[in-house]
Amino acid sequence: MTKGEQIDLRGVSVYPGALGPDEQAVLVERVREIARAAPMFHPETRWGKQMSVKMTSAGRFGWVSDRRGYRYERAHPSGVDWPPIPAEILAIWEKFAPGMRAPECCLVNYYGEGARMGLHQDRDEADFSQPVVSVSLGDDGLFRVGNIERGGKTESIWLHSGDVVVIGGAARLVHHGVDRIRFGSSALLKGGGRINLTLRVVT
Ligand code: SIN
Ligand code: MN
């Protein structure tokens with residue numbers, strides 16, 4: 001795992017190619033294990049619309065969304081506990097968020113063909129002094145970063161498999177999202193698609 005080159009995108013730090021092919025393959029295996037314990041589901045928005053990404057979580061808390069709103073929960077919708085965050089994923093946090101509190105949630109998002117994520121802020125956490133660390137695996141994703149306030153100028157960058165992004169400091173509450181993926185652009189995931197892991201301190 002290398003920190004290597006760092007790109008600043010409106011205060012968000014992007015580390016292209018931070019994870020090598022072998023590390024990415026191990027992470028995919030860990031994600032499979034997480035999904036076996038806590039199966040991926042299609043969350044609904046507060047307005048009853050199905051989100052295009054599928055998700056699950058590891059850690060003390062998992063992020064869920066349904067008609068009752070967005071929130072962290074101690075258990076998967078089926079009632080089972082979320083599995084622990086795997087050591088290889090914790091090591092990425094240690095490297096890219098040194099000295100910060102331990103992450104309490106690893107959200108796993110799966111983008112199939114046509115999936116996207118609208119501009120939003122990560123603001124369901126209690127302590128905004130702690131960053132969000134995100135890992136991209138599989139197909140390329142067009143990541144857009146805006147402002148803390150709604151609207152205004154935005155900038156985009158293609159995230160590739162093995163890239164790490166840190167949303168922290170003054171940029172912790174910037175709007176961000178994924179406009180689209182290039183389905184089939186990576187051979188990492190059989191069947192294609194993009195996995196994004198986001199690590200967060202919740203409490
Ligand atoms: C997110 O904001 O939760 C996901 C970002 C990404 O998929 O890169
Ligand atoms: Mn987010």
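## The nonpolar cores

A nonpolar core is a set of buried Ala, Val, Leu, Ile, Met, Phe, Trp, Tyr and Cys residues joined through side-chain atoms within 4.5 Å. In this predicted model, the largest such core has 30 residues, and the ones touching the most other members are Val-12, Val-53, Met-55, Tyr-111, Phe-143, Val-165 and Ile-167. Several strands give two or more residues to this core, among them S2 (12-15), S9 (141-145) and S11 (164-167). Strand S6 gives the largest share, three residues.

Let's zoom in on Val-12. Leaving aside residues up to four places away in sequence, Val-12 touches Ile-7, Phe-143, Val-145, Val-165, Val-166, Ile-167, Ala-171 and Val-174. There's also a second, separate core of 26 residues, including Tyr-15, Trp-93, Phe-96 and Leu-197.

## The manganese site

Which residues hold the manganese ion (ligand 2)? His-120 (NE2), Asp-122 (OD) and His-176 (NE2) coordinate the ion at 2.1 to 2.2 Å. Along the chain, these donors follow the spacing H-x1-D-x53-H. Asp-122 sits in the loop between strands S7 (117-120) and S8 (132-138) while His-176 is in strand S12, so this pair ties together parts 54 residues apart in sequence. Asp-122 and His-176 are both buried.

## Salt bridges

Side chains of opposite charge can pair when their charged atoms come close. Here the count comes to 15 salt bridges. One of them joins Arg-30 and Glu-88 (3.1 Å, N to O), linking helix H1 (residues 21-37) with helix H2 (residues 87-96), the two residues being 58 apart.

Another pairs Asp-179 with Arg-144 at 2.8 Å, N to O. Asp-179 lies in strand S12 and Arg-144 in strand S9, so parts 35 residues apart in sequence get tied together. Finally, Asp-122 turns up again, in a network of salt bridges with Glu-125, Arg-172 and Arg-200.

How values were computed. Residues are numbered from 1 along each chain as its sequence is written. Chains are lettered from A and ligands numbered from 1 in the order in which they are written. This is a predicted model: local features need pLDDT of at least 70, side-chain atom pairs count only at pLDDT 80 or more; totals for chains, interfaces and linings use all residues. Side-chain values use heavy atoms; hydrogens and water are left out. Buried means under 20% relative accessible area, exposed over 50%, partly exposed in between (1.4 Å probe, protein chains only). Helices (H or I, at least four residues) and strands (E, at least two) are DSSP runs, numbered from the N terminus. Contact means heavy atoms within 4.5 Å. Donors are N, O and S atoms within 2.8 Å of the metal (3.2 Å for Na, K and Ca); water is not among the atoms, so sites may look incomplete. A salt bridge is a side-chain nitrogen of Lys or Arg within 4 Å of a carboxyl oxygen of Asp or Glu.
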